[in-house]
Amino acid sequence: MRRSRIAILLMIVLLLALPMMAFAQDEIAFGETVDGNLTADEPTVAYTFTAEQDQVVTIRLESADFDCFLTLQNADGDVLATDDDSAGNLDSQITGFAIPADGEYTILAQSYASSQGPDGEVGAYTLSLETAASSALEYGMSVDGDLSEVEVLDDYTFQGSEGDTVVITMIGEEGLDSFLSLFEGVDK
C-alpha cells in the first residue's frame, strides 16, 4: 500500500513538472531569419530575444512540411500572442505586436498539431523576427508608404499634448484593406 502511494505521488510530481520542462532554446535577433527542423523528439523549438517596451515586433514561421503555429511568451511563460494561419498557406505570423515591458521574450515554433497535444508534425521551417522602425510625424504632415507581405506595417510616432484633437487618415490603393491603430506612448 505504501509503495502505491509513493508511486502515485511521484506520478503527480512528474505531471506537475511537465509544463515547466524546458524546450531547446536558441536566441534570435531582430532582422534575423533562422532555419530549423521540428522532430518527433523536439516538436517545439524555443527562441529567446530581448526587447524594449513599446517596440513593435512581427514574427513569421513558414514551412512546406507542416501546419505552423506560433506562440509568444514573456519571461514568466505567460502567453502574450498566438497565431495559426495569418501568413497564409498554413504559415503563421504575429504581426505588429507592441512589447508590453522591457525584458526577455520567447517564441515557440511548432506545428499546429503539437500545440494541441503530444503528437505533432515534423519537418523544416524558417522563422524570422522583425521590428518596425518608427518614423516621426508632425501635425499637418503627410507621408507615402508601401506595405507588402514581408513589410506588413509601418510604425509612426508623434508628440501630442493633452486636449489635442487628432485626425489620422490612411488612404490605400484599390484592394488594400487598411487598418490603423493608435497607442498611447510613454515619454522617454
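This is a predicted model: local features need pLDDT of at least 70, side-chain atom pairs count only at pLDDT 80 or more; totals for chains, interfaces and linings use all residues.
Local features are reported at pLDDT of at least 70 and side-chain atom pairs at pLDDT 80 or more, while totals for chains, interfaces and linings use all residues. Residues are numbered from 1 along each chain as its sequence is written, and side-chain values use heavy atoms, with hydrogens and water left out.

The protein contains two helices and 11 strands, where helices (H or I, at least four residues) and strands (E, at least two) are DSSP runs numbered from the N terminus. Their order from the N terminus is α-β-β-β-β-β-β-β-β-α-β-β-β.

Of the 188 residues, 26% are buried; buried denotes under 20% relative accessible area, exposed over 50%, and partly exposed in between (1.4 Å probe, protein chains only). The protein exposes about 13,100 Å², of which carbon and sulfur atoms supply 51%; accessible areas come from the Shrake-Rupley method with a 1.4 Å probe, and for residues only the protein chains shown count as cover. Among contacts (heavy atoms within 4.5 Å) between residues at least 6 apart in sequence, 62% join residues at least 24 apart.

Most residues other than glycine have a negative phi. D54 has a positive value, and L90 likewise has a positive phi.
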